[in-house]
Amino acid sequence: AKRRIVAAKINQASALESSCDAQVSSLLSSLRARLTELGQDTSLADQIQSSYNQEKTLKKASYLSQLG
């Protein structure tokens, strides 16, 4: 039953993930531009991107493990 529900919603979940990814990308682009404008190191934006990607991977794994 769980797998059937997930299969029915996978496209919606993928679209939501893409939307979130685009928002994060936009925010990080703005942050990088502002840091560059201020003459600051942009590695903070890289760290945020890395943390976002790691958290996303962990959440996906957690949700998928609940299906098994």
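The structure is a predicted model, in which local features need pLDDT of at least 70 and side-chain atom pairs count only at pLDDT 80 or more, while totals for chains, interfaces and linings use all residues. Residues are numbered from 1 along each chain as its sequence is written, and side-chain values use heavy atoms, with hydrogens and water left out.

**Helix α1**
- V24, L28 and L35 of α1 are buried, that is, under 20% relative accessible area with a 1.4 Å probe and protein chains only, whereas exposed means over 50%.
- The buried residues of α1 pack against α2, contact being heavy atoms within 4.5 Å.
- A7, which lies in α1, counts as exposed because its relative accessibility is 53%.
- After α1 comes G39, whose phi is positive, near 75°.

**Largest pocket**
- The largest pocket has a volume of about 550 Å³, a volume being the space filled by probe spheres set on grid points joined across faces, edges and corners.
- A pocket is an open set of points on a 1 Å grid over the protein atoms alone, where a 1.4 Å probe fits, with protein on both sides within 12 Å along at least five of seven lines, and lining residues have an atom within 4 Å of a point.
- Its lining comprises 17 residues, of which I10, A13, E17, K60 and Y63 lie nearest the centre of the pocket.
- Both α1 (2-37) and α2 (43-65) supply at least two lining residues each, and the largest share, 8 residues, comes from α1.

Note on methods: Helix = DSSP H or I, 4+ residues; strand = E, 2+ residues; numbered from the N terminus.
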